Amino acid sequence: MIRKTFYGLVCTVLALGLVGCNEPKTTDMVGTWDLTAASRRYLPPDMAGISPRLVLGADGHLTATDLPAEFHGSLDVVERFSGKGSWTIITKDGRQQLQLNFDGAYGTQFDIANDGGAWKLRDFLGDPDEHLRLEYVKATGP
């Protein structure tokens, strides 16, 4: 009886832990995020030397440096953006996303993905099913 109760408790804790791993918390996002080396192939030659960086503060503020961007309707990276603003985690179309609101400019969303226990931010270029994306990984913690 005790063994059965113990196994039931262990299974419950593991199941809750797995569910919790799929939902990002604010503290998971706080830190400095850098563009991955694999994503650099989507940058045009004139942006080859940039070092895109997104810094997310625990207070909900952000600082962006040289974030690659595309014009609406384009699948190519054609500009870069630096600025300050705010951020929050939202759910859109059933997916967890990072909402970025830049001061005096625009807002955008990055998908949040848990890839083998590591959080990644993804900015899709066109249709997400084509897997063309700029991906960011956390460089430092809070």
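Leaving out neighbours within four places in sequence, Thr36 is in contact with Glu135, Tyr136 and Val137, where contact means heavy atoms within 4.5 Å. Keep in mind that this is a predicted model, where local features need pLDDT of at least 70, side-chain atom pairs count only at pLDDT 80 or more, and totals for chains, interfaces and linings use all residues. Numbering runs from 1 along each chain as its sequence is written, and side-chain values use heavy atoms, with hydrogens and water left out.

**Around Thr36**

- Thr36 sits in the loop between β1 (31-35) and β2 (53-56); strands here are DSSP runs (E, at least two residues), numbered from the N terminus.
- At a relative accessible area of 13%, Thr36 is buried (under 20% relative accessible area, with a 1.4 Å probe and protein chains only).

**Aromatic pairs**

- There are two aromatic pairs (rings of Phe, Tyr and Trp, using its six-membered ring, with centres within 6.5 Å; planes under 30 degrees apart are stacked, over 60 edge-to-face, the rest tilted).
- Phe81 and Phe102 have ring centres 4.6 Å apart and planes at 65 degrees, so they're edge-to-face.
- Phe81 is in β4 (residues 79-92) and Phe102 in β5 (residues 95-102), so this pair ties together parts 21 residues apart in sequence.
- Phe81 is buried at 18% relative accessible area, and Phe102 is buried at 6%.
- Phe110 and Tyr136 are stacked, because their ring centres are 5.5 Å apart and their planes at 10 degrees.
- Both Phe110 and Tyr136 are buried.

Notes:
Helices (H or I, at least four residues) and strands (E, at least two) are DSSP runs, numbered from the N terminus. Buried means under 20% relative accessible area, exposed over 50%, partly exposed in between (1.4 Å probe, protein chains only).
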